[in-house]
Amino acid sequence: MTDYQAVEKFCVLMNELSAQLGMESSHFVNPDGWDNSEQYTTAYDLCMLARYASTFPEIREAASCSEKQITLLSGEVFNWHNSNKLLDPQSEFYNKNVSGLKTGSTLNAGNCLISLFEINGLSYLSIVTGCKTDYDRYNLTLRLINEYT
């Protein structure tokens with residue numbers, strides 16, 4: 001299978017899963033979210049996908065890390081830093097209630113953020129899209145979180 005065939009197959013699987021989840025306003029043609037006139041979604045559908053993804057402990061664990069160091073069997077060390085500033089204790093946007101989930105940005109979508117946070121033992125999802133800057137996406141998310149605290 002070529003790399004193009006693998007991407008095509010993966011997108012078929014993505015669209016099948018989105019249909020199973022009831023994501024009626026989404027269509028995927030690439031796995032990385034880059035702008036494409038044939039690829040689209042809605043905040044509602046993203047919420048459904050985020051809710052599903054957050055049921056997997058492995059995803060929740062990975063998405064909640066501010067940084068991670070990985071050592072390969074060869075001994076080579078890699079440091080990974082999460083771009084979600086809500087998770088970084090050194091960031092002005094840090095919020096201890098946030099446990100992930102996904103940052104994203106493209107020219108068409110703007111700066112976007114899907115956040116998972118917990119208040120009084122309850123989990124919430126927040127989705128902001130179309131923001132002009134990082135500051136906007138984090139500030140709007142913090143305003144939403146503050147509504148529940």
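Tyr-148 counts as partly exposed, because its relative accessibility is 46%, which lies between the 20% limit for buried and the 50% limit for exposed. The model is predicted. Tyr-148 sits in the segment that follows α4.

**Tyr-148 and its contacts**
- Beyond its neighbours within four places in sequence, Tyr-148 is in contact with Phe-117, Ile-119 and Tyr-124.
- Tyr-148 and Ile-119 are 29 residues apart along the chain, and their C-alpha atoms are separated by 7.0 Å.
- Phe-117 touches Tyr-148 and Ile-145, and also residues including Asn-97, Val-98 and Ser-99.
- Other contacts of Phe-117 include Leu-122, Ser-123, Tyr-124, Leu-125 and Ser-126.

**Nonpolar cores**
- The largest nonpolar core has twelve residues, among them Phe-117, Ile-119, Tyr-138, Leu-142 and Ile-145.
- Two or more residues of this core come from each of β4 (110-119), β5 (122-131) and α4 (134-146).
- Another core, of six residues, lies apart from the largest one and includes Leu-46, Leu-101, Ile-114 and Leu-116.
- In soluble globular proteins, nonpolar side chains tend to be buried together.

**Helix α4**
- The 13 residues of α4 should span 18 Å at 1.5 Å a residue, which agrees with the 18 Å between its end C-alpha atoms.
- Buried in α4 are Arg-137, Tyr-138, Thr-141, Leu-142 and Ile-145.
- These residues are on the same side of α4, because they cover an arc of only 125° around its axis.
- The buried residues of α4 pack against β3, β4 and β5.

**Helix α1**
- Helix α1 (residues 3-20) has 18 residues, and the distance from its first C-alpha to its last is 26 Å, close to the 26 Å expected at 1.5 Å a residue.
- Cys-11, Met-14, Asn-15 and Ser-18 are the buried residues of α1.
- Down the axis of α1, these buried residues fall within an arc of 95°, so they line one face of the helix.
- An α-helix has 3.6 residues a turn, so residues three or four places apart point the same way.

**Largest pocket**
- The volume of the largest pocket is about 1200 Å³.
- It is lined by 41 residues, of which Phe-28, Gly-33, Leu-46, Leu-49 and Lys-102 are the closest to its centre.
- The elements that give two or more residues to this lining are α1, α2 (43-53), α3 (57-64), β3 (98-106), β4 and β5.

Conventions:
Residues are numbered from 1 along each chain as its sequence is written. This is a predicted model: local features need pLDDT of at least 70, side-chain atom pairs count only at pLDDT 80 or more; totals for chains, interfaces and linings use all residues. Side-chain values use heavy atoms; hydrogens and water are left out. A nonpolar core is a set of buried Ala, Val, Leu, Ile, Met, Phe, Trp, Tyr and Cys residues joined through side-chain atoms within 4.5 Å. Buried means under 20% relative accessible area, exposed over 50%, partly exposed in between (1.4 Å probe, protein chains only). Helices (H or I, at least four residues) and strands (E, at least two) are DSSP runs, numbered from the N terminus. Contact means heavy atoms within 4.5 Å. The expected span of a helix is 1.5 Å times one less than its number of residues. The arc is that of the directions from the helix axis to the C-beta atoms. On a 1 Å grid over the protein atoms alone, a cavity is a set of points where a 1.4 Å probe fits but cannot get out, and a pocket is an open set with protein on both sides within 12 Å along at least five of seven lines; lining residues have an atom within 4 Å of a point. Grid points are joined across faces, edges and corners, and a volume is the space filled by probe spheres set on the points.
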